[in-house]
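Open the model in your viewer and keep the selection tool ready. Each stop below says what to select and what is there.

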Amino acid sequence: MNWKGKIIIIIHLIILSGCLKDAVPEIKEYPVIKILKPTHIDSSGITLNAEYINHGSEKTIAFGFVWDTEKPDILNSDTTIISYQPEIKTYSIRLRDGFIKGYAYKVQAFAYTENNVVYSNTIDFKSLGSQYCPWQQLLNYNFRGIYYSFGYGYGMSNNKCGYILFSHMGDFYELNMIDNIIIKKQNFPNSNRQSFGLVATLNIDNNLYFICAKSKIFWQYSNDAWHNLGQRPDFNFSSGIIGFSVNGKGYFGTGSELYEYNEETGFWISKKPIPTSKVYSSAIINEGVYVIGANKEVFKSDSILDNWSYVSDYPGILEGQLIGFSLKEKAYFGLNYASGFVVNRFIWEYDPKKNSWNRLCIFPRYKLYQSNITLFTIDGKAYFGVPLSDFGSFQLFEFNPDKLIQKN
Amino acid sequence: MNKLFYFILASILICNLTVSAQKWGYIVDDSSSQQVIIFDQGQRKNSLICKFQKNKNSDTIEYPPDVLDEYGFEDGRVFFSKDILIDSIYKKYFLERLAHGKVNLYLTKENNRNRFYLEKDSSLLELSKKSNVDLNSDFNYVLNDLINDCEYIKDAVRLAKYNKRSLSELINQYNECIYKPFPFFKYGINIGYSQTGITPSKASKDTLIKNSSFPDNKSSCFGIFLDYPLSFSNMTVHQKIYFQKNAFSYNIRSENIEKDIVINLMSINLPVLIRYTMPVKRISPFIDAGAIYTFNIRNRNDIYVFEETDNIIDIKIESDSELLTRHQLGYSLGAGLQIKVSYRNSIIWEVRYQKLYSLSIIPDTYNLNEFQVIAGFNF
């Protein structure tokens, strides 16, 4: 036998040996799935990979990936579903939205079967960002002397700057987001080391107005000073409270009651009731007012506020209070209380033109109390502030709707 | 670098000592034989001159092949003065006799080249090295012509190499004319069936590992082997290199937790064995034993943990545990039959037991036991 023949024999033996099957875990009723190392991690996103080691005896109904900054679960974390085909062993998907640059994520593959939900092993990776991510972490701030355990920061904005009012001690800060400057302003005058229960604010012509639960004084902040505007009407805070301004007038609502405040005259007028027993949140789009009421019903009124009509149902969870804001002709609601006072971190985008809802990638911070979230909007962006510790360290996130993936 | 220098220096010194070593021996001339101290000057100089002292205190004497008929060392090497033809000139040289009997074999070294001479019926014939140009000068061809009267050495003549050991062995076998396997370097391929068991190390402390019981894995293996003769005895150094894939899986369940240990190996195995083959003409039994080294080129050790709570199954995979080490050492014992199919080729059947130990300071590892049935063919 010549050398060629010998080499051919050896190659055949190698191929024969390579065909032997690998050992795998014992077949179970549920599938055994394994997440593989993510690939192509760059500033545009990440490719997630998973492998079906065993398909199991039960039929897989849905298969996908779930990820979060802590251990993810499919009810409270970001997910993506992949078309499952029994003959396919390995799955990959390129994700271009929702990953914040510099954040460490945990990702798992998951499968729904007839009787079980299976989570794969967990893989950790550090994100280099994603093409369509509305979230960006800004610098951390340190508000010296602020102790969060005794209160929370309440966010508001006029047309120039954001403001944070801390309920304990009434520390008040102005945030210039363009120049990244924080200026300590005069403290809220009604604090006296007690939580004053700030519940609603609004902005009329760059003047800020404040409603507190524990005081009937109606406060205005303008020209770097606090002004006592006298008594406000009685509100039933257990029915929720909303505050907004439209057409140069301020409005506060609680339950079905709605009050208009005229800045020029200083008078309060009772408006036509909102057709709901409780209000959760509100947003203004093109002078149209949208209010989420009881039973997830969304009502709309024009700027005259004399005619409310039902437009849609809020698709998210509705417990406690929701945050609500509007940017660029769309409204955003979410981050509500969930069980155990843990914030549900989903935010829903409402498009009034299409009367449609779109669930966005989750708010990046994990397990926060809603009372600790500070929100204000300036120049087409929303800013979310959350405490990093109980002692003044404060993290600010920018929410930019321009960076959202356009799904429709 | 320093080590290399000292090694070379030491080698040179040893060589020099060897070359100029003085040994007791004898010289024979026309009239007498006497015991003397002979200088062993190396193969080439020993062929040209016999340098000796009659005793330790006497002067050194140098005799050319014209003066002496024969001299020899006490270790058995004997040199005879013979007329040989080199470059068309007959000249006397001291030729070392390598084999003695019906046919004598002689060796001399000239121009740094060994020259072998066969003496039969008092005529001396040089054995030229194999040449592709002139087949008539092929030493195997010449030998086959000269020593064809012993049927037992026909195969040996074809296998003989143009070197001192091989030709000496051949001529000795011819002179004795009894059957004896002619040792030669063999190589070939192996293919086999392997049944591999995996057992926890005795020092193992982890309950899961200690109590695990894997079913044996059945797989094929293939490779090549080399077989070197050891000093022209019936012993050889048998070296294999073979490739094998093993896969093991073990499952255990308790309450809501299920665990699977999954081990996938792809290994290159290198047993080095000392083999004794019985000198039987056609079917020769053999036994061997030796050490085995295994390199697991693929060594996937995964422990899957399935935790079930309210129909939600959370899978954890521990992939970083080294249940088997990448390098393993052990021993190998085997026996078999070597069936001759031609003067050079054989089919080999063997059974083998091997034990492979993980090389780890961590006690929670596994060892392998292998039982193999192997077929081989040497080219």
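Start by selecting F110(A) and Y119(A): F110(A) stands opposite Y119(A), which lies in strand β7(A). This is a predicted model, in which local features need pLDDT of at least 70, side-chain atom pairs count only at pLDDT 80 or more, and totals for chains, interfaces and linings use all residues. Residues are numbered from 1 along each chain as its sequence is written, while chains are lettered from A and ligands numbered from 1 in the order in which they are written.

**Stop 1: strand β6 of chain A**

Select residues 104–113 of chain A, which make up strand β6. Helices (H or I, at least four residues) and strands (E, at least two) are DSSP runs, numbered from the N terminus. A residue is buried if 20 or more other C-beta atoms lie within 10 Å of its own, exposed if 12 or fewer, and partly exposed in between, with C-beta atoms placed from the backbone.

Two strands pair if DSSP finds at least two bridges between them.

- Strand β3 (residues 60–68) of chain A runs antiparallel to β6(A), and eight bridges join them. Here G64(A) has F110(A) as its bridge partner.
- Strand β8 (residues 123–126) of chain A is also antiparallel to β6(A), with four bridges. Look for V107(A) opposite I123(A) in β8(A).
- β7(A) pairs with β6(A) in the antiparallel sense over three bridges. These two strands form a hairpin with three residues between them.

**Stop 2: across to chain B**

Stay on β7(A) and show chain B. Which strand of chain B pairs with β7(A)? The partner is strand β16 (residues 312–318) of chain B, joined in the parallel sense over three bridges. Select Y119(A) again: D314(B) in β16(B) stands opposite.

Next, select the whole contact between the chains. The contact takes 25 residues from chain A and 24 residues from chain B; two residues are in contact if their C-beta atoms, placed from the backbone, lie within 7 Å. On the chain A side, α1 (3–18), β1 (32–42) and β7 (117–119) each supply at least two residues. The largest share of that side, seven residues, comes from α1(A). Colour the side of chain A that touches chain B by class to find 15 nonpolar, five polar and five charged residues. Ala, Val, Leu, Ile, Met, Phe, Trp, Tyr, Cys and Pro count as nonpolar, Asp, Glu, Lys and Arg as charged, and the others, Gly among them, as polar.

**Stop 3: a hairpin in chain A**

Go back to chain A and select residues 225–231, strand β17. How many of its seven residues are buried? The count is zero, and the strand is hardly covered. Strand β16 (residues 217–222) of chain A pairs with β17(A) in the antiparallel sense over five bridges. One pair to pick out is S222(A) with its bridge partner A225(A) in β17(A). The two strands form a hairpin with two residues between them, and N223(A) in the turn has a positive phi of about 50°.

**Stop 4: an open sheet in chain A**

Select strands β26, β27, β28 and β29 of chain A: they form an open sheet in that order, with antiparallel pairing. Why is one side of β26 (323–327) and of β29 (356–359) left without a neighbour in the sheet? Both stand at the edges and each has a single partner strand, so one side of each has no neighbour there. Neighbouring strands of this sheet are turned by 25° against each other on average, direction ignored. Zoom in on strand β28 (residues 347–351) of chain A, which pairs with β29(A) in the antiparallel sense over four bridges. D351(A) has S356(A), in β29(A), as its bridge partner.

**Stop 5: one residue of chain B**

Select N46(B), in helix α2 (residues 43–48) of chain B. Is N46(B) buried or exposed? N46(B) counts as buried because it has 24 C-beta neighbours inside 10 Å. Leaving aside its neighbours within four places in sequence, N46(B) is in contact with D40(B), Q41(B), F79(B) and F94(B).

**Last stop: chain A as a whole**

Of its 408 residues, 38% count as buried.

Terms used:
Axes fitted to C-alpha atoms, helices over the stretch in contact; angles between N-to-C directions.
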